[in-house]
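This report is written for someone meeting the structure for the first time. Please look over the sequence and the model before reading on.

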Amino acid sequence: MMLGKSRVGLRAMAALAASSLLLAAGCSSGGAASPAASGSAPASSAPAAANLTMTFLPKNLGNPYFDTSFKGVQAAVQAVGGTVTQVGPAKGDDPAGQVSYINTATQQQVGALIVSANDKSAICDALTEAKTAGVKVVTFDSDTNPECRDLFINQATAEGIAKVQVDIITSEIGDSGEIAILSAAANATNQNAWIDMMKKELAASHPNVKLVDVVYGNDDDQTSFDKTAGLLQSHPNLKGIVSPTTVGIAAAARYLSTSKAKGKVMLTGLGTPNQMREYVKDGTVTEFALWNPEELGALAAYAAAAMVKGEITGKEGETFKAGDKEYTIGADATVLLGEPYKFNKDNIDNFNF
Ligand code: RAM
């Protein structure tokens with residue numbers, strides 16, 4: 001069946017990534033993988049001129065998705081002989097918080113900044129200042145306006161991410177009836193791009209499915225939980241919820257799992273297998289999708305290192321190595337990790353992130 005391919009593909013990719021990262025780490029001169037003070041000297045394996053001190057700035061701290069991404073970042077940074085510090089706001093809808101960390105990184109003269117943007121324009125001025133000061137700016141996961149960064153590491157195409165979620169929910173509700181979206185922050189670049197694509201896909205291929213509401217849980221567990229309750233109250237005929245955020249889908253599943261809507265209102269979206277396992281096993285959720293956040297983080301860090309070393313500049317067609325895999329820069333200085341994968345009761349125990 002269709003899933004077989006995804007299952008094997010992701011397992012193989014996970015094993016490959018793990019082995020190449022381990023190999024690479026084994027060859028490094030032992031640079032610290034754990035967060036280290038910015039401004040420390042690059043390890044001796046790096047070229048003398050390359051400033052491989054990096055700052056990793058997710059949308060928010062305490063989100064398991066970004067914790068997993070950071071593991072990939074750390075492994076890659078260790079492999080290239082650099083150092084990395086993770087900083088970030090507590091909340092996933094705080095671009096002003098991100099701006100202050102960007103300014104600090106610029107003052108510290110880090111070599112590269114790896115950012116998932118809370119807002120595509122609000123952090124732009126700070127990023128432009130960073131670039132002017134010589135910091136390489138790599139966005140990953142959630143982009144800014146393209147002119148504000150050097151490179152964007154995209155987990156999968158917006159079309160692909162939208163389609164997998166629309167395919168799952170429409171098949172679960174018999175391709176007819178009301179659905180709603182529980183998103184992250186209202187200004188999140190990635191979720192907004194995916195929602196736009198989902199609307200297009202629904203209009204083009206699912207005329208009997210009506211999107212009746214889009215609400216925002218701000219990548220905050222409690223807010224997302226409460227918004228789920230609100231959706232069920234406001235839309236008594238609701239047949240499905242799509243939550244394109246790992247924080248949102250886990251909170252919505254927790255709400256549904258003890259409500260009378262369990263098994264009646266379908267839930268899908270983007271989740272981590274570890275957060276969703278119990279809800280797949282108890283029948284609250286049948287299927288959801290994601291990519292490997294660790295691989296995404298590693299790719300972003302390898303790309304940042306290649307930029308710092310001057311091996312790539314962001315031009316379409318340039319190539320660089322991430323572990324033992326080669327990637328090519330596409331249009332708009334964007335690099336694509338791969339395709340989203342579907343998780344369900346048959347494969348969820350094969351994953352640990
Ligand atoms: C949350 C964040 C992140 C998104 C995932 C799917 O963790 O909003 O940006 O990519 O969900």
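## Basis of the model

The model is predicted; local features need pLDDT of at least 70, side-chain atom pairs count only at pLDDT 80 or more, and totals for chains, interfaces and linings use all residues. Residue numbers start from 1 along each chain as its sequence is written.

## The chain as a whole

The protein chain has 10 helices and 14 strands. Here helices (H or I, at least four residues) and strands (E, at least two) are DSSP runs, numbered from the N terminus.

Of the 353 residues of the protein chain, 52% count as buried. A residue is buried if 20 or more other C-beta atoms lie within 10 Å of its own, exposed if 12 or fewer, and partly exposed in between, with C-beta atoms placed from the backbone. Two residues are in contact if their C-beta atoms, placed from the backbone, lie within 7 Å. Among contacts between residues at least 6 apart in sequence, 74% join residues at least 24 apart.

## Around the ligand

The ligand is surrounded by 13 residues, and the closest are Tyr65, Ala184, Thr245, Thr246 and Leu270. A residue is counted as near if its C-beta atom, placed from the backbone, lies within 6 Å of the molecule. The shell divides into four nonpolar, six polar and three charged residues. In this grouping Ala, Val, Leu, Ile, Met, Phe, Trp, Tyr, Cys and Pro count as nonpolar, Asp, Glu, Lys and Arg as charged, and the others, Gly among them, as polar. The ligand lies between domain 1 (53-155 + 293-337) and domain 2 (158-290), because both give residues to the shell. The domain bounds come from an automatic or database domain assignment.

Leu270 sits in the loop between β9 (266-269) and α9 (273-281). This leucine counts as buried because it has 27 C-beta neighbours inside 10 Å. Leaving aside neighbours within four places in sequence, Leu270 is in contact with Pro244, Thr245, Thr246, Ile249, Phe288, Ala289 and Leu290. The C-alpha atoms of Leu270 and Val242 are separated by 8.4 Å, with the two residues 28 apart along the chain.

## The nonpolar core

The largest nonpolar core has 103 residues, and those with the most contacts inside it are Ile114 and Ala303. Such a core is a set of buried Ala, Val, Leu, Ile, Met, Phe, Trp, Tyr and Cys residues joined through C-beta atoms within 7 Å. Helix α10 (residues 293-308) supplies the largest share of this core, 12 residues. Domain 1 and domain 2 each give the core at least three residues.

Ala303 touches Val138, Leu151, Ile153, Phe320 and Val335, not counting residues up to four places away in sequence.

## Strands β1, β3 and β4

Strand β3 (residues 112-115) runs parallel to strand β1 (residues 53-57), joined to it by four bridges. Four bridges also join β3 to strand β4 (residues 136-140), and these two run parallel. Two strands pair if DSSP finds at least two bridges between them. Phe56 stands opposite Ile114 in β3. On the β4 side, Leu113 has Val137 as its bridge partner, and Val115 has Thr139.

In a regular strand the side chains alternate between the two faces of the sheet. In β3, Ala112 and Ile114 point one way and Leu113 and Val115 the other way, and all are buried. In β4, Lys136, Val138 and Phe140 point one way and Val137 and Thr139 the other, again all buried.

## Residues in loops

Arg149 lies in the loop between β4 and β5 (151-154). With 25 C-beta neighbours inside 10 Å, Arg149 counts as buried. Its contacts, leaving aside neighbours within four places in sequence, are Leu127, Val137, Val138, Thr139 and Thr144.

Most residues other than glycine have a negative phi. Asp175 has a positive phi of about 60° although it is not a glycine. Asp175 is placed in the loop between α5 (158-172) and β6 (177-183), and counts as partly exposed because it has 13 C-beta neighbours inside 10 Å. Ala333 also has a positive phi, of about 50°, and is found in the loop between β12 (325-328) and β13 (334-336). Ala333 is buried, with 20 other C-beta atoms within 10 Å.
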